[in-house]
Amino acid sequence: MSSRSSLGTEAVGRVGADARRYWTGLACRYATLLLMLVIMLGPIVWQFLTSIRGRTENVYDGVLPSRPTLDNYVRVAESFPLFQYAGNTLTVAVLAITSNTLFAAMGGYALSRAGWKGRKTVFTVLVATLMFPFESVMISMFLTVRGMGLVDTLIGVWLPGAVSVLNIMIMRSAFLAVPKEVEEAAVLDGAGEWTRFTRVFLPAARGALAVVCITSFMGAWDDFLWPLLVLTNSDNYTLQLGLKTLAGATTVSDQRIIAAGAMTALIPMMLLFFALQRFFFKGVGEGAVKT
């Protein structure tokens with residue numbers, strides 16, 4: 001009888017220890033996630049709180065503004081041609097989304113189809129190009145764009161990012177995930193190559209297409225270095241270059257206005273991500289790069 005009770009006590013002790021380890025591990029995971037959330041969102045929240053402070057408030061006086069106002073956003077629009085620069089950036093972003101969606105889908109589909117020589121070689125070369133940073137090819141790209149007569153044009157800003165190798169890899173992986181039985185059924189129904197591409201593979205890779213759209217928009221909207229090299233006329237400036245002029249203007253030394261300008265540039269990216277987040281997280285799984 002005593003042995004049974006001791007075994008029961010040991011079992012209860014093991015269950016209690018397992019429960020403590022489980023809850024301790026869960027608490028550590030949530031604490032880590034909370035810390036990462038603070039690190040990632042902290043600067044954005046601080047920037048937003050700075051942008052809604054009144055003119056008489058000290059930027060570093062407390063965390064929350066005592067008299068929140070949106071006047072700083074109005075002053076941003078009055079300090080430099082905000083809507084013109086935003087329109088230029090939107091033009092480049094729309095071109096980047098269109099070209100990346102089209103060419104990445106077509107390239108990814110071609111690389112996912114077997115039966116043509118050189119497919120592995122082309123894939124290896126494309127993957128190898130990912131190892132080269134933009135700064136290493138920046139000068140040669142500028143010389144190419146200048147030779148085409150596209151310096152100081154929005155087309156010159158868009159052209160180097162017309163299609164991304166990473167987006168091609170994402171679409172390739174998404175197309176490889178489509179079951180072969182689906183393609184075989186389409187072939188038996190008499191569907192040609194283009195019909196299979198548009199009617200079978202593209203609908204199956206909508207999540208990956210959403211990832212391509214978001215990454216293309218973010219890359220074009222947030223780009224600063226390449227437009228700085230290509231553009232010289234202020235009428236063609238993108239929003240990021242406009243923010244540089246805003247921060248460096250002698251008549252604008254108010255950190256509240258600079259913060260409001262930064263939030264103005266951030267809002268479109270946040271809206272796009274929240275609008276497509278369901279497809280984005282689905283596409284991350286579909287478009288995991290496979291070799």
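**First stop: Ser 112**

Select Ser 112, which lies in helix 3; helices here are DSSP runs of H or I with at least four residues, strands are runs of E with at least two, and both are numbered from the N terminus. The model is predicted, so local features need pLDDT of at least 70 and side-chain atom pairs count only at pLDDT 80 or more, while totals for chains, interfaces and linings use all residues. Residues are numbered from 1 along each chain as its sequence is written, and side-chain values use heavy atoms, with hydrogens and water left out.

Is Ser 112 buried or exposed? Ser 112 counts as buried because its relative accessibility is 7%; buried means under 20% relative accessible area, exposed over 50%, and partly exposed in between, with a 1.4 Å probe and protein chains only. Its side chain reaches the backbone oxygen of Tyr 109 at 2.8 Å. Now display Arg 172, Phe 175 and Leu 176: Ser 112 is in contact with these residues, when neighbours within four places in sequence are left aside. Contact means heavy atoms within 4.5 Å.

**The whole chain**

Of its 291 residues, 35% count as buried. Among contacts with a separation of 6 or more, 70% join residues 24 or more positions apart.

**Helix 7 and helix 10**

Select residues 165-176, which form helix 7, and residues 206-221, which form helix 10. Their axes come within 9 Å and cross at roughly 170°. Helix 7 is therefore roughly antiparallel to helix 10. Axes are lines fitted to C-alpha atoms, for helices over the stretch in contact, and angles run from 0 to 180 degrees between N-to-C directions. Angles under 35 degrees count as roughly parallel, over 145 as roughly antiparallel, 65 to 115 as roughly perpendicular, and the rest as oblique.

Which residues of helix 7 meet helix 10? Show Asn 167, Ile 170, Met 171 and Ala 174 in helix 7; they meet Ala 208, Leu 209, Val 211, Val 212, Thr 215 and Ser 216 in helix 10. By class, this contact has seven nonpolar, three polar and no charged residues. Ala, Val, Leu, Ile, Met, Phe, Trp, Tyr, Cys and Pro count as nonpolar, Asp, Glu, Lys and Arg as charged, and the others, Gly among them, as polar.

**The nonpolar cores**

Next, select Phe 80 and Leu 239, which have the most contacts inside the largest nonpolar core, a group of 34 residues. A nonpolar core is a set of buried Ala, Val, Leu, Ile, Met, Phe, Trp, Tyr and Cys residues joined through side-chain atoms within 4.5 Å. Helices that each supply at least two residues of this core include helix 2 (71-79), helix 3 (82-112) and helix 13 (255-286). Helix 3 gives the most, with six residues.

Stay with Leu 239: beyond its neighbours within four places in sequence, Leu 239 is in contact with Phe 80, Leu 82, Tyr 85, Ala 86, Thr 89, Trp 221 and Ala 265. A second, separate core of 22 residues includes Ala 105, Met 169, Ile 170 and Met 171.

**Final selections**

Select Asp 152, in the loop between helix 5 (134-147) and helix 6. Its phi is near 65°, a positive value in a residue other than glycine. Most residues other than glycine have a negative phi.

Move to Glu 183 in helix 8. Glu 183 counts as buried because its relative accessibility is 18%. Leaving aside neighbours within four places in sequence, Glu 183 is in contact with Arg 113, Arg 196 and Phe 201.

Finish at Ala 177, in the loop between helix 7 and helix 8 (180-188). At 44% relative accessibility, Ala 177 counts as partly exposed. Ala 177 and Ala 204 are 27 residues apart in sequence, and their C-alpha atoms are 9.0 Å apart in space.

Conventions
A polar contact is a pair of N or O atoms within 3.5 Å; within protein, one must be able to donate a hydrogen and the other to accept it, and residues adjacent in sequence count only if both atoms are side-chain atoms.
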